[in-house]
Amino acid sequence: MSEILVELHGHALWVTLNRPEVRNALSRSVNLRLQEIALEIENRDDVRVVVITGAGDKAFCAGADLKERRGIDAADARPFINAISGAINDLGALRKPTIAAMNGSAYGGGLELAMACDFRITVEGAEVGLTETRLGIMPGAGGTQRLPRLIGEARAKEMIMLGRRVTAARALEIGLVHQVVPRASLKAAVQAWIAELDLCAPLGVSAAKSAIERGHATSLDAGLDIERECYETTLFSEDRDEGLAAFAEGRPPKYQGR
Ligand code: COA
């Protein structure tokens with residue numbers, strides 16, 4: 001059975017981490033495959049949305065494969081660290097919208113993977129945490145940078161420096177996840193987000209995503225320049241004409257991503 005399942009449903013590509021017996025831990029081979037998948041996604045016109053989820057009902061992803069790591073001495077650990085941060089950064093850099101459908105708890109690299117997605121939907125009873133400091137290391141796949149951007153420095157320090165695991169309800173309260181649903185409703189909840197994204201023009205969505213991300217750490221003036229630059233990519237698009245025509249004709253738009 002493949003370690004990662006990739007299935008196209010409509011124009012949403014569902015990528016499922018498929019090692020439930022080790023709580024979908026990220027081995028080096030899984031990370032290298034995720035990097036390949038990220039590259040493939042960028043080149044596929046039939047994919048408009050990417051959903052990352054995990055198999056089983058125990059965990060979304062328990063982070064780096066700690067058993068694999070244990071057999072590797074410090075000097076040889078770098079390729080493994082590069083593979084996990086490479087996979088997460090490549091998925092984070094996708095121009096298409098990404099949803100983490102968190103079917104269970106997410107720790108360490110598992111939460112870093114979810115944080116690299118645009119939207120996080122999790123299930124009741126799940127927990128999340130960057131537990132690395134309790135394991136003698138620190139987050140190394142974007143956690144120290146993405147978590148404070150999402151929830152602010154004070155709360156990020158609390159979670160990271162104490163290696164605290166928090167409940168799904170708390171994660172929602174602090175803005176770390178977008179929605180918490182009963183386990184049985186996860187797929188339907190994700191489909192509802194996809195349906196809402198379908199109402200939006202793909203080029204507009206990616207240009208807006210890029211403007212938000214690139215403008216985050218800049219001055220307002222520099223951010224406004226970035227926004228204008230991103231806006232330009234939608235200005236002469238067919239989808240812009242379609243959006244205006246559909247509005248004028250009182251019908252739903254049919255966007256092509258062009
Ligand atoms: N890497 C490798 N194997 C892992 C793993 C990881 N990160 N997390 C869990 N596993 C393995 C366990 O060793 C166990 O294997 P075994 O059946 O051979 O003993 C199996 O997955 C099931 O784990 P278990 O702890 O029994 O399941 P659980 O459902 O009770 O708990 C977790 C799941 C995820 C809560 C728990 O395993 C855990 O806390 N893992 C560590 C998470 C973490 O801190 N990750 C950060 C990595 S930097």
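Me: What makes S5 largely enclosed by the rest of the structure?

Reply: In this predicted model, five of the five residues of S5 are buried, so the strand is largely enclosed by the rest of the structure. The term buried requires a relative accessible area under 20%. Thr98, Ala100 and Met102 point one way from S5, while Ile99 and Ala101 point the other way, and all are buried.

Me: How do you know that S5 pairs with S7, and in which sense, parallel or antiparallel?

Reply: Pairing requires at least two bridges between two strands. S5 and S7 (residues 119–123) have four bridges, and the sense is parallel. Within this pair, Met102 stands opposite Thr122 in S7.

Me: What joins S3 to S5?

Reply: Four bridges join S3 to S5 (residues 98–102), and the two strands run parallel. Ile52 stands opposite Ala100 in S5, and the bridge partner of Thr53 in S5 is Ala101.

Me: Why is S3 called mostly covered?

Reply: S3 (residues 49–54) has six of its six residues buried. Val49, Val51 and Thr53 point one way from S3, whereas Val50, Ile52 and Gly54 point the other way; all are buried.

Me: Which strand do six bridges join to S3, and what is the handedness of the crossover between the two?

Reply: The strand is S2 (residues 12–17), which runs parallel to S3 and is joined to it by six bridges. In S3, the bridge partner of Leu17 is Gly54. The chain passes from S2 through helix H1 (residues 28–42) to S3, and this β-α-β crossover is right-handed. The term applies if, with the strands pointing away from the viewer, the path from the first strand over the helix to the second runs clockwise.

Me: What makes S1 and S2 a hairpin, and how do the two strands run?

Reply: S1 (residues 4–9) and S2 are joined by six bridges and run antiparallel. Two residues lie between them in the hairpin. His9 has Ala12 as its bridge partner in S2. Gly10, in the turn, has a positive phi of about 65°.

Me: Where are Arg23 and Asn24, and is each buried or partly exposed?

Reply: Arg23 is found in the loop between S2 and H1, and Asn24 is likewise in the loop between S2 and H1. Arg23 has a relative accessible area of 35%, so this residue is partly exposed; the term covers values between the cut-offs of 20% and 50%. Asn24, with a relative accessible area of 2%, is buried. Phi of Arg23 is near 55°, a positive value in a residue other than glycine. For Asn24, phi is near 60°, also a positive value in a residue other than glycine.

Me: How many residues surround the ligand, and of which classes are they?

Reply: There are 16 residues around the ligand, and the closest are Arg23, Ala62, Leu66, Lys67 and Thr131. The shell has seven nonpolar, two polar and seven charged residues.

Me: Why is Asp65 called buried, and which residues does its side chain reach?

Reply: Asp65 has a relative accessible area of 9%, so this residue is buried, the cut-off being under 20%. Asp65 lies in the loop between strand S4 (59–61) and helix H2 (66–70). A polar contact of 3.1 Å joins the side chains of Asp65 and Arg19, and the side chain of Asp65 reaches the backbone nitrogen of Lys67 at 3.1 Å.

Me: Why is Cys200 called partly exposed?

Reply: The relative accessible area of Cys200 is 36%, so this residue is partly exposed. Cys200 is found in the loop between helix H8 (186–198) and helix H9 (202–215). The C-alpha atoms of Cys200 and Tyr255 are separated by 7.7 Å, although these residues are 55 residues apart along the chain.

Note on methods: Residues numbered from 1 in each chain as written. Predicted model: local features only at pLDDT ≥ 70, side-chain atom pairs only at ≥ 80, totals over all residues. Heavy atoms only, no water. Near = heavy atom within 4 Å. Nonpolar A, V, L, I, M, F, W, Y, C, P; charged D, E, K, R; others polar. Buried < 20%, exposed > 50% of the residue type's maximum accessible area, 1.4 Å probe, protein only. Polar contact = N/O pair within 3.5 Å; in protein donor to acceptor, adjacent residues only side chain to side chain.
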